[in-house]
Amino acid sequence: MNFGPMYVMWLRQLKRYARSKSRMIGALGQPLLFLIALGFGFGPIYEKAGGGDYIQFLAPGVIAMSILFTSMFSGIEIIWDRQFGFLKETLVAPVHRWQIMLGRTLGGATVALIQGIIVLLICFVFGFRPTHFLYLLVALPLMFLIALLFTTLGTAIASRLDDMQAFPLIMNFLIMPMFFLSGALFPLEGLPKGIAAVTLVNPLSYGVDSLRAVLIGSSHWGLLTDLVVLIVFLALTSIWGTYSFSKIEV
Amino acid sequence: MEENIIVVKNLTKQFKAFKAVDDISFNVHHGEIFAFLGPNGAGKTTTIKMLTTLLHPTQGVIRLNNFDPLHQQHEVRKSFGIVFQDASLDDELTAYENMEFHAVFYKVKNPLKKERIEYLLKLVDLWDRRKSLVKTFSGGMKRRLEIARGLIHHPKILFLDEPTLGLDPQTRNHMWEYIKQLNKKEGMTVFFTTHYMEEADKVADRIAIIDKGKIIHQGNPAELKKITKTKTLEEAFLKLTGRSIRTEEASSIEGMRAMKKLWGR
């Protein structure tokens with residue numbers, strides 16, 4: 001088994017991330033905004049309604065959000081590679097497509113994990129405290145799992161697209177709704193039926209819920225259910241992503 | 001062993017209503033330098049894409065190193081290297097990193113890897129800029145890097161799609177010297193496309209002239225001149241196709257090609 005190509009694909013994602021400071025900082029703006037505007041804006045109301053400390057509730061949601069955005073973006077980057085021609089270089093090489101896909105997915109997910117950790121640290125600054133610091137060690141693999149799921153989903157979608165025209169479409173009709181209807185910002189209890197149904201099929205809901213289970217010890221579905229659902233979703237997106245990627249023609 | 005390393009029979013590629021490659025057949029012998037000569041939009045790149053597993057043919061048979069690009073993609077990909085006509089570098093990596101990436105993908109290991117990367121970067125005069133990000137490079141520098149990268153691993157068959165487009169004469173000479181050397185020493189077969197007459201005349205053992213998706217004639221340069229009773233290849237082309245290679249007339253087919261490029265496929 002030749003791990004070289006997978007390793008350089010992984011390394012490439014990390015190098016690109018480390019070199020684009022603007023992307024790194026830009027990706028931190030959104031979680032910061034949510035922590036400030038919602039954390040401090042809604043916090044008092046949430047507390048008055050008997051929900052407890054809102055920052056505690058919000059932090060896992062914001063961490064999941066940053067992972068969602070970064071990993072989907074990593075997957076969708078294939079469109080850039082196609083447009084700048086680099087995709088061709090990898091596709092004609094004597095390397096199996098699944099190896100290229102796996103290396104790139106691991107790279108994208110690693111970048112998203114790093115981004116998630118940075119946001120986690122920012123949450124600390126805003127007063128977030130997990131029930132126990134050791135639980136952070138459980139949160140990291142969970143964050144990686146969520147990152148893998150959305151990187152493969154991004155890859156699956158981007159493999160079918162020719163140019164960047166579709167990007168706003170993906171942003172507004174997939175990423176944003178996934179975020180807002182995931183329970184990242186509000187509790188899932190007592191939602192109207194329609195919205196509850198959407199949260200039920202939204203993989204991010206389970207990601208957010210699992211992080212809450214681990215970090216603040218409260219959860220809607222329970223950690224085990226979350227984990228099983230996330231793994232099933234990951235299996236589906238991996239199969240779909242690998243298939244779409246293997247069908248690319250340039 | 002079969003005498004021909006590339007065999008193409010009745011190859012056709014249709015994009016919707018438009019035939020980019022129209023029923024072409026040709027063979028390339030082991031160890032020869034073969035040129036595909038034709039104006040822009042003649043179907044050269046589409047043919048190369050089909051040979052190198054990037055596009056599926058609409059019809060026809062291809063054998064590359066005795067493998068079928070449609071069903072034995074991995075074996076075919078092990079047999080060739082390619083320098084694309086348009087950009088295929090990673091702009092966010094340095095020149096050296098791009099070279100290294102390619103070496104790993106094609107299993108070129110140290111110390112050979114280091115040796116070849118240094119040699120080739122010096123050959124195309126980019127050694128001093130090896131640590132610069134490719135996005136800071138000019139068009140010509142990117143082109144040179146692209147060619148150097150394609151030569152790191154020494155494949156059985158090397159495809160070069162308009163390799164010298166945008167190269168200065170000096171680099172062009174260096175490149176061809178090196179490729180000819182590989183061709184002689186390692187028996188590497190070279191398949192290149194060009195719309196420069198001089199280049200095809202000077203470098204190629206045999207030439208296929210392609211125009212509007214069809215092969216009009218094939219043979220060695222001397223033969224072509226003899227058959228058409230002309231002195232230069234340029235005149236031979238004029239005689240065979242009825243038009244000069246450099247005129248870019250805006251025919252309806254060219255209009256459709258432009259549309260095709262605009263809409264992706």
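This is a predicted model: local features need pLDDT of at least 70, side-chain atom pairs count only at pLDDT 80 or more; totals for chains, interfaces and linings use all residues.
## Overall composition

Chain A contains 12 helices and zero strands. Read from the N terminus, its elements follow the order α-α-α-α-α-α-α-α-α-α-α-α. The radius of gyration of chain A is 18 Å, close to the 18 Å that the globule rule gives for 250 residues, so chain A is as compact as a globular protein of that length. Taken along the principal axes, the box filled by its C-alpha atoms is roughly 60 × 35 × 35 Å.

The C-alpha trace of chain B spans about 50 × 40 × 35 Å along its principal axes.

## Helix packing within chain A

Helix α2 (residues 21-41) and helix α4 (residues 54-76) of chain A have axes that come within 10 Å and cross at roughly 160°. That angle makes α2(A) roughly antiparallel to α4(A). The crossing of α2(A) past α4(A) is right-handed.

On the side of α2(A), the contact is made by A27(A), Q30(A), P31(A), F34(A), L35(A), L38(A) and G39(A). The residues from α4(A) are Y54(A), I55(A), L58(A), V62(A), M65(A), S66(A), F69(A) and T70(A). By class, this contact of α2(A) with α4(A) has 11 nonpolar, four polar and no charged residues.

## The three-stranded sheet of chain B

One open sheet of chain B has three strands in the order β2-β1-β4, with antiparallel pairing. Strands β2 and β4 of chain B stand at the edges with a single partner strand each, so one side of each is left without a neighbour in the sheet. On average, and with direction ignored, neighbouring strands of this sheet are turned by 15° against each other.

Strand β1 (residues 4-15) of chain B pairs with strand β2 (residues 18-29) of chain B in the antiparallel sense over eight bridges. The two strands β1(B) and β2(B) form a hairpin with two residues between them, and K16(B) in the turn has a positive phi of about 45°. Along this pair, N4(B) stands opposite H29(B) in β2(B), and V8(B) stands opposite F26(B) in β2(B). Strand β1(B) is also joined by five bridges to strand β4 (residues 59-64) of chain B, and these two strands run antiparallel. In that pairing, V8(B) stands opposite I62(B) in β4(B). Helix α1 (residues 44-51) of chain B lies across β1, β2 and β4 of chain B and runs at about 120° to β1(B).

## The six-stranded sheet of chain B

Another open sheet of chain B has six strands in the order β5-β6-β7-β3-β8-β9, with mixed pairing. Its edges are β5 (80-83) and β9 (214-219) of chain B, each with a single partner strand, so one side of each is left without a neighbour in the sheet. Neighbouring strands here are turned by 15° against each other on average, direction ignored.

Strand β3 (residues 33-37) of chain B runs parallel to strand β7 (residues 189-194) of chain B, and five bridges join them. Within this pair, F34(B) stands opposite F191(B) in β7(B). Helix α1(B) packs on this sheet, touching β3, β6 (157-161), β7 and β8 (206-211) of chain B. The direction of α1(B) makes about 150° with that of β6(B).

## The contact between the chains

The contact takes 23 residues from chain B and 22 residues from chain A. Helices α2 (73-79) and α3 (95-105) of chain B each supply at least two residues of the side of chain B that touches chain A. By class, that side of chain B has 11 nonpolar, six polar and six charged residues.

Helix α1 (residues 4-19) of chain A takes part in a helix pair across the two chains: its axis and that of α3(B) come within 8 Å and cross at roughly 155°. Helices α1(A) and α3(B) are therefore roughly antiparallel to each other, and α1(A) passes α3(B) in a left-handed crossing. The contact is made by G4(A), P5(A), V8(A) and R12(A) of α1(A) together with F101(B), V104(B) and F105(B) of α3(B). These residues divide into five nonpolar, one polar and one charged.

Definitions and conventions
Residues are numbered from 1 along each chain as its sequence is written. Chains are lettered from A and ligands numbered from 1 in the order in which they are written. Two strands pair if DSSP finds at least two bridges between them. Helices (H or I, at least four residues) and strands (E, at least two) are DSSP runs, numbered from the N terminus. Two residues are in contact if their C-beta atoms, placed from the backbone, lie within 7 Å. Ala, Val, Leu, Ile, Met, Phe, Trp, Tyr, Cys and Pro count as nonpolar, Asp, Glu, Lys and Arg as charged, and the others, Gly among them, as polar. Axes are lines fitted to C-alpha atoms, for helices over the stretch in contact, and angles run from 0 to 180 degrees between N-to-C directions. Angles under 35 degrees count as roughly parallel, over 145 as roughly antiparallel, 65 to 115 as roughly perpendicular and the rest as oblique. A crossing is left-handed if the near helix is turned anticlockwise from the far one by less than a right angle, and right-handed if clockwise. The radius of gyration is taken over C-alpha atoms; the globule rule is 2.2 Å times the number of residues to the power 0.38.
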